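Please keep the sequence and the structure in view while reading.

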Amino acid sequence: MDLKDLRNEIDEIDDQLIPLLIKRMNISKQVAEYKVERGIPVLNSEREQQILDDVEAKCGELGNTIKTVFSATMDASRAIQHKIIGGGKALREAVVTSMSDKKITAGGMPVACQGVDGAYSGVTAKKLFPDSPVKYYTQFEDVFEAVNKGDTKFGVIPVENSTAGSVHESYDLIMKYRFYVVGAYDLKIEHCLCAKESTRYEDITDIYSHPQALSQCNNFLHNFDFTGINFSNTAAAAKYVAESDKNNIAVICSELAAKKYGLKILKRNVQNNNNNRTRFIVISKELIIGKDAEKISLIFSLPHKTGSLYRVLGRFSMAGLNLTKLESRPIENSDFSYHFYVDVMGTVREDSTLDLICALSDELPEFELLGNYYEYK
């Protein structure tokens with residue numbers, strides 16, 4: 001038997017499977033109607049596990065493989081049931097209430113950023129909210145607290161860089177406060193090596209900057225044998241260098257920060273990657289979903305079961321949605337349990353996407369929709 005014959009045989013088997021799968025899904029619809037009448041939840045984890053264990057036992061060495069196929073079938077079946085039942089009622093209502101056709105604005109209220117004037121987050125805030133003043137805070141958590149107390153309408157924080165990766169502190173604070181994400185901005189970052197007018201390049205030994213900036217420029221630091229010293233913020237580091245009595249120090253910061261604090265630029269574009277970009281998000285206590293929303297951010301945790309993350313991610317694929325970010329962060333005071341932060345391209349204005357998110361909100365522990373928003377570039 002050659003390859004063509006084998007493929008023909010597989011096609012014949014598939015032709016037999018298709019009507020059976022259709023029949024199974026149609027029965028799932030009947031199950032959903034039964035559950036609606038009696039107020040029974042869609043997910044029955046115990047029954048599903050019993051079925052999967054039975055499949056594994058019956059299939060011998062192919063047990064795990066065929067169990068995976070059955071898992072996907074069950075996930076598809078539940079998706080159909082959720083659509084009929086209309087799960088996640090509270091979330092659906094919150095989403096509908098939060099939809100707006102207007103551009104997101106701070107209405108003249110201050111916007112919070114970490115650092116000092118000249119910081120990249122401040123540059124981003126001014127691009128997004130040109131009619132609002134920017135208030136600067138020392139720590140990232142201070143930004144969250146400013147929004148929490150109502151001192152500012154929004155906060156702007158960095159979450160990831162194309163070279164250095166995720167800003168873990170930001171994700172930890174997102175997990176802690178559970179504020180909404182109502183916007184994002186992808187800012188091109190061009191770092192400069194700067195120092196006081198009196199400082200000679202050949203005398204420099206120590207370079208101050210934020211750890212992310214130092215990481216983004218580590219090739220430059222290594223090649224010239226500079227010592228990178230962590231500072232709270234690139235612009236704050238520029239201010240420190242400008243006010244210091246030392247003549248052997250410099251800073252990696254933006255051109256704007258250099259001009260702001262009277263520093264000379266010794267070298268431009270010292271970052272490893274010329275297409276170095278940082279993604280900033282806008283945090284809010286209020287969920288706002290604009291008509292141009294294109295990205296969805298979610299948080300959830302998962303039960304300690306083999307394949308649980310795989311099955312959840314498969315649900316997004318089943319709905320035709322593309323994941324662009326998956327970040328796991330440890331749950332405080334837990335025994336190796338994690339929260340998962342997910343970014344996915346899509347809009348809750350599409351019924352299939354909203355159905356999926358509502359279904360997951362019913363099934364997963366600690367599930368939260370953080371936002372559906374537009375990302376500016």
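## Helices across the sheet

Helix α7 (residues 168–177) lies across β14, β15, β16 and β17 and runs at about 85° to β15. Helices (H or I, at least four residues) and strands (E, at least two) are DSSP runs, numbered from the N terminus. Axes are lines fitted to C-alpha atoms, for helices over the stretch in contact, and angles run from 0 to 180 degrees between N-to-C directions. Contact means heavy atoms within 4.5 Å. Helix α12 (residues 308–318) lies across β14, β15 and β16, at about 150° to β15.

## Basis of the model

The model is predicted: local features need pLDDT of at least 70, side-chain atom pairs count only at pLDDT 80 or more, and totals for chains, interfaces and linings use all residues. Residues are numbered from 1 along each chain as its sequence is written, and side-chain values use heavy atoms, with hydrogens and water left out.

## The four-stranded sheet

The strands form an open sheet of 4 with the order β15-β16-β14-β17 and antiparallel pairing; two strands pair if DSSP finds at least two bridges between them. Because β15 (322–330) and β17 (368–373) stand at the edges with a single partner strand each, one side of each has no neighbour in the sheet. On average, neighbouring strands of this sheet are turned by 15° against each other, direction ignored.

Strand β14 (residues 295–301) and β16 run antiparallel and are joined by 7 bridges. L298 has V342 in β16 as its bridge partner.

## Residue H339

H339 belongs to strand β16 (residues 338–345). Is H339 buried or exposed? H339 counts as buried because its relative accessibility is 8%; buried means under 20% relative accessible area, exposed over 50%, and partly exposed in between (1.4 Å probe, protein chains only).

Beyond its neighbours within four places in sequence, H339 is in contact with residues including M175, I299, F300 and I331. The side chain of H339 makes polar contacts with the side chain of R178 at 3.2 Å and with that of E366 at 2.9 Å. A polar contact is a pair of N or O atoms within 3.5 Å; within protein, one must be able to donate a hydrogen and the other to accept it, and residues adjacent in sequence count only if both atoms are side-chain atoms.
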